[in-house]
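This note sets out, point by point, what may be read from the structure shown below.

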Amino acid sequence: MKFLINPSKFNEIADYIFKPVLILSMLLFALGLLFSFYLSPNDYQQGSTVRIMYVHVPSAWLALLTFAIMTLYSIIALAFRIPFGFIFNTAVAPIGAVFTLICIISGSLWGKPMWGTWWVWDARLTSVAILFIIYLIIIFMNLSFENRIVREKVVAIFILVGSVNLPIVKFSVDWWNTLHQPATISKLSKPSIDPSMMTPLIIMTFAFMMIGIAIAILRIKTEIISRKSNLS
Amino acid sequence: MILVKDLSIERSDKKIFENINLSLGSGKIILLKGKNGSGKTTLLKAILNLIEPSSGAIYWKGKLLKKHLYDFFNHVTFIADKTSSLSKLSVHENINIWKKIFSSKISNSQIENILQTLKLDTFVNQKVNSLSFGETKKLELLRLIIENKKIWILDEPLSNLDDETIDVIGQTFEDHRSKEGSIIYSSHQESEINVSEEVIL
Amino acid sequence: MIILNKIISFYYREYKLNLSGFQDILTNIIFFFVSIFIFIFSIGPDKEKISVLGVGIVWTLLLLSSTLSLRKFYQDDFDNGNLLIMHLNGFSFGFIAILKTFSHFLFVQVPFLISIPIACVLLNISNDKLIYLFFSFVVGSFILSCLGSISSSMNLMNQRNFLLGSVIVMIFSVPIIIFSIGIINMEENFNSLISILFGILLIVFAINPWASGLCLKLSIENN
């Protein structure tokens, strides 16, 4: 597991797994799109629009997951002085921002036929929008500091402070009465979703995850190289 | 009192200096000499525990300085290459604030004397931002007297000053040395101050 | 005793500093009133509408005008090396952050309290609501001070993009706005909402010395 914290080990592993991951993500995308368009039933209430779910839910999960991993890496980097965490944070923030943006856009496309508006000010939507702005601030911070040592640590601190938002996003549907439907899939109880819809959702989630990992590998490798060239 | 042992410092993997050894006893004046960017300020900051050295250690009275930081700070005056006086207030108010902050027991007549020798007495009620560059520097050095601590760590105290003032400062250093104080200061210019050790970075 | 003396002298210095720059604080208050005028001009002088929107307007403008003063939070002391002098005088960086936060609250936010009754008269807010607004502002403005401390210490080394600090404060003050407005609109719920606000205050107050102290240390080390 050392490749998760060591840049040179990471480079070795990344060279091995990059192509398989990319091919796997393509296959999963093809399979997932096939499933979600042709092999899954219409919802009895929402009709065909339910298929937006297969993009919306995976991107939302991954947006949260990316931020959670960034928080974890910030803790590791700050507490144990492992610089790979900083590399990870700089590289991965734009990916998380894009996932959040996909989630927001697909959600508002879904909301128009279902709720009648593109945007509602309810807790779930607002907190996701704040998550998006936090991602943007991280990216801007990475762009605007001149001193690298200060920049990466300040960004890590900001991520830690900003991670307060994560539980708010996750539990906003349970804590407040919102228009947004509550979570359909949870570990503790039986999922309230039909298996025929569950399969494409899971496949799409893995497809999103794989493409995310592939892009992350590319970005982390560039970040490592740019740091090395800065030093010498 | 301060012992610097095999200190080397890297910043973003670039070596600034390597294996510096220093020992600052009482009654000693150490001059750090070197070109711009040779790491004089960095060394002074490392002594103040503001920069983590990549190897080596600094000892204070035989113990690790890191562990007894605030005890060390009680005996140190540090004057950076900046003007720490508040530019919106007058010279007099600045001196008052410093006297309160450092809970100094120095008397008003003593300060007036020093102001006269530094030729600052005519500016006492003027705001600091109307003073010239050299005059703010002199005001800055007044903190040495007000704080009245044993170890003086000075970053470029002689820049922008005329020969007369440098003589006064040399005299002050000599006084401090005779009171068993110790001084470490950096400079890139020649001066006639009597130093007991020169370190070239 | 020595530490108490040092703290008193710290506040003496802050007092002198803020007294000489008092016109800055007054400018903040003037900014607040001018923006109220602009709001009223843009909504229209309809009494009913103004009294509905009034509380929200006051809170938004208080937030905006307190972010205006953030630039002075640490930057001046950082630039002229006074933060380092305070540290050498025996304060840890976290403690400096706490002292500075209190000083910001005392010298920048408390003068704003005077402007709230006047704003309430201008915006047609009833007297019983004024008390709730006052309460929520006292607690909320301290939270804003803590957030301001965190964000402006993060931005010390950032020479290119100052506005980022204001954006950080505003993004984190969303929950404060939600609960403060809640206090005013639901009087029967006052106790529970102000407890939540106090809870946020305690969380932020606990994070503040850690986060700002770390940022201050970083900036001073790498300056």
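Predicted model: local features only at pLDDT ≥ 70, side-chain atom pairs only at ≥ 80, totals over all residues.

1. A residue is called buried here if 20 or more other C-beta atoms lie within 10 Å of its own, and exposed if 12 or fewer do. On that criterion, 33% of the 201 residues in chain B are buried. In chain A, buried residues make up 34% of the 232 residues.

2. For chain C, the mean pLDDT is 86, and 99% of the residues in that chain reach 70 or more.

3. Chain A consists, as regards secondary structure, of 7 helices and 0 strands. Along the sequence the pattern reads α-α-α-α-α-α-α. The C-alpha atoms of chain A fill a box of roughly 60 × 40 × 30 Å along the principal axes. A compact globule of 232 residues would have a radius of gyration near 17 Å, and the 19 Å of chain A agrees with this. Among the contacts in chain A with a separation of 6 or more, 76% are accounted for by residues 24 or more positions apart.

4. Chain B contains 6 helices and 9 strands. Its C-alpha atoms occupy a box of roughly 50 × 30 × 30 Å, taken along the principal axes. The radius of gyration of chain B is 17 Å, in agreement with the value near 17 Å that a compact globule of 201 residues would have. Of the contacts in chain B with a separation of 6 or more, 73% come from residues 24 or more positions apart.

5. Strand 3 (residues 29-33) pairs with strand 8 (residues 182-187) of chain B in the parallel sense over 5 bridges. Within this pairing, B:I30 has B:I184 of strand 8 as its bridge partner, and B:L31 has B:Y185 of strand 8. Strand 3 of chain B is also joined by 4 bridges to strand 9 (residues 197-200) of chain B, and these two strands run parallel. Here the bridge partner of B:K33 is B:I200 in strand 9.

6. Is B:K35 buried or exposed? B:K35 counts as exposed because there are 10 C-beta neighbours inside 10 Å, and the cut-off for that class is 12 or fewer. This residue is found in the loop between strand 3 and helix 1 (40-47) of chain B. The C-alpha atoms of B:K35 and B:Q189 are separated by 9.6 Å, although the two residues are 154 residues apart along the chain.

7. Two helices of chain B may be considered next. In helix 3 (residues 91-101) of chain B, the buried residues are B:V91, B:E93, B:N94, B:I95, B:I97, B:W98 and B:I101. These buried residues pack against helix 4 (108-117) and helix 5 (133-147) of chain B, together with helix 1 (2-20) of chain C. After helix 3 of chain B comes B:S103, whose phi is positive, near 35 degrees.

8. The remaining point concerns chains A and C. Which elements of chain C give two or more residues to the side that touches chain A? In total, 19 residues of chain C are in contact with 17 residues of chain A. The elements in question are helix 7 (127-154), helix 8 (163-172) and helix 10 (190-222) of chain C. Helix 10 of chain C supplies the largest share of this side, with 7 residues. By type, the residues on the side of chain C that touches chain A divide into 13 nonpolar, 5 polar and 1 charged.

How values were computed
Residues numbered from 1 in each chain as written. Chains lettered and ligands numbered in written order. Contact = placed C-beta atoms within 7 Å. Nonpolar A, V, L, I, M, F, W, Y, C, P; charged D, E, K, R; others polar. Pairing = 2+ DSSP bridges. pLDDT = per-residue confidence, 0-100. Rg over C-alpha atoms; globule rule 2.2 N^0.38 Å.
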